[in-house]
Amino acid sequence: MSELEAKATQLLKEFKGNAYAFGNGVLDSAPGEFSAQVGKKALFVAPVRKWFDPYREEILASLADSGVDVIGTAGSAAPNAPFVDVYRIHSHIMHRKPDFIVAAGGGSAIDAVKGAAVLASLGEIEPEIDSFFGVGEVSRVCSRTNKHILPVVAIMMAASSGAHLTKYSNITDLLAGQKKLIVDEAIVPPRAVFDYRVTASQPDALTLDGGLDGIAHCLEVFFGASEEAFDKTREIAQTGIDLIIDGLTRVKREPSDITARTLLGLGTDMGAYAIMVGGTSGAHLSSFSLVDVLSHGRACALMNPYYTVFFAPAIEEQLRVVGNIYRKHGYLGAPIDKLTGRDLGVAVAEGMLNLSTFLGFPVTLNQVPGISRKHIERCLNAAKNPQLDMKLRNMPVPLHAGLVDDYMAPILEAAWDGDFSRIKSL
């Protein structure tokens, strides 16, 4: 184990204690052991795909060995956790009446189960999921009614969003092409499992997308870190970004590299820790309106360089840390020590774009198939939605709805064709 892997392991144990089993080979026993601590009767929500069949048997055997009764099964959600899948899983919960849910899959699968658990627990109070979007809405209803959310044992199968460890549930309105967000401590899974070796069964594109999402979590939280949390956020983000860039570089060259899978698993878990310490901001907000044309990780990776230039005068210390990681891995050429302000931001942004280019991902919006200028309008309108206001306030250069057209619009225009000069400083 490298020094960096050891550091990440230490941080994860600090973060989740004995409630999280992670590493290679934990899938054979941890699901059952953890589930037995939560309840006796489980609904099992998992992918209905051939690649998952060996893992399904392993998980079910672990549950049986621990005396957990699986009283029903349901297929997991499609990418981006569409509303329809949340309500479908909710129906299974209401009919089967389990003590808890075992959710296996990627971030979208676990997010959908979190949302369904909220509806199953609080639906008689607020029967539609829309009522719970925003920050702390679930806890407010729980507090008012003395109710609790049905527990979820989360078994992660993809190095990406960190949904198994966090208070976030991203759910998508496919008709509107808009992703929405529940942010609430009440939906954190009480137990989680991630066997990093299983990620080798995922498509290469999903692996790369997930790594970029993990970088975005570390990056955006670090950029907006408060003074009180700065040192801890730096430690988490620096460790996570370094691990993920190394892992992405290795796995792009050799997809079967198990060491790379471990690096990506640990790194994206650092991303999950980061978003429990602070919040994501601009790139994540914009990505929610690009859901019909870009995967989440690619959307964040595409937008973050342009937000980096906008934030640059306010985050010079963070940029030197991040820039030197990109330089360490060969994505940024000249030293950045003497650069300041906007020049520093542009240099680090170019390192980010170089990584995306190496991975074969688009670096401007106009390179994205199916995109139109209407997507920029959608991004701007979403930024004015009070349910997503936390993303504006999390920025290191905070905005509010009244400043969106003046300052966010030029960022999106710059991202359209790659012209950093369009970005205005505040």
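A charge is taken to sit over a ring if NZ of Lys or CZ of Arg is within 6 Å of the ring centre and within 35 degrees of the ring normal. With that in mind, and remembering throughout that this is a predicted model, begin by selecting Phe 15 and Lys 16, where Lys 16 lies over the face of Phe 15 at 5.1 Å from the ring centre. Then select Arg 373 together with Trp 416, where the charged end of Arg 373 sits over the ring of Trp 416, 5.1 Å from its centre.

**Aromatic pairs**

Select Phe 310 and Tyr 407, which form a tilted pair with 6.3 Å from centre to centre and 35° between the planes. Phe 310 belongs to helix H11 and Tyr 407 to helix H16 (residues 404–417), so this pair ties together parts that are 97 residues apart in sequence. Are the two partners buried or exposed? Phe 310 counts as buried because its relative accessibility is 2%, and Tyr 407, at 17% relative accessibility, counts as buried too, the cut-off for buried being under 20%. Now select Tyr 20, Phe 22, Phe 194 and Tyr 196, which ring pairs link into a cluster.

**The largest pocket**

Next, go to the largest pocket, which holds about 960 Å³ of space. To find its centre, select Pro 79, Asn 80, Gly 107, Ser 108 and Leu 206, which are the closest to that centre of the 42 residues that line the pocket. If you then colour by element, the ones that give two or more residues to this lining are helix H5 (107–122), strand S7 (168–173), strand S8 (178–183), helix H7 (204–223) and helix H11 (296–311). Which of the elements gives the most to the lining? H7 does, with six residues. Coloured by class, the lining of the largest pocket divides into 16 nonpolar, 20 polar and six charged residues.

Two residues of one loop deserve a selection here. Asn 80 lies in the loop between strand S3 (69–75) and helix H4 (83–96), and its phi is near 75°, a positive value in a residue other than glycine. With a relative accessible area of 17%, Asn 80 is buried. Ala 81 is found in the loop between S3 and H4 and has a positive phi of about 50° although it is not a glycine; its relative accessible area is 0%, so Ala 81 is buried.

Move on to the second largest pocket, with about 150 Å³ of space. Select its lining, which is made up of Val 135, Lys 167, Tyr 168, Val 183, Gly 278, Gly 279, Met 390, Lys 391, Arg 393 and Asn 394. Helix H15 (residues 389–393) gives the most to this lining, with three residues, and by class the lining has four nonpolar, three polar and three charged residues.

**The cavities**

About 100 Å³ of space lies in the largest cavity; among the residues that line it, select Leu 212, Ile 215, Leu 219, Cys 300, Asn 304, Tyr 326, Met 352 and Leu 355. H7, H11 and helix H13 (341–359) each supply at least two residues of the lining of this cavity, and that lining divides into ten nonpolar, two polar and no charged residues.

Finally, turn to the second largest cavity, which has a volume of about 40 Å³. Select Ala 158, Ala 159, Thr 199, Gln 202, Leu 206, Thr 207 and Arg 261, which line this cavity; they divide into three nonpolar, three polar and one charged.

Technical notes:
Residues are numbered from 1 along each chain as its sequence is written. This is a predicted model: local features need pLDDT of at least 70, side-chain atom pairs count only at pLDDT 80 or more; totals for chains, interfaces and linings use all residues. Side-chain values use heavy atoms; hydrogens and water are left out. On a 1 Å grid over the protein atoms alone, a cavity is a set of points where a 1.4 Å probe fits but cannot get out, and a pocket is an open set with protein on both sides within 12 Å along at least five of seven lines; lining residues have an atom within 4 Å of a point. Grid points are joined across faces, edges and corners, and a volume is the space filled by probe spheres set on the points. Helices (H or I, at least four residues) and strands (E, at least two) are DSSP runs, numbered from the N terminus. Ala, Val, Leu, Ile, Met, Phe, Trp, Tyr, Cys and Pro count as nonpolar, Asp, Glu, Lys and Arg as charged, and the others, Gly among them, as polar. Rings of Phe, Tyr and Trp (its six-membered ring) pair if their centres lie within 6.5 Å; planes under 30 degrees apart count as stacked, over 60 as edge-to-face and the rest as tilted. Buried means under 20% relative accessible area, exposed over 50%, partly exposed in between (1.4 Å probe, protein chains only).
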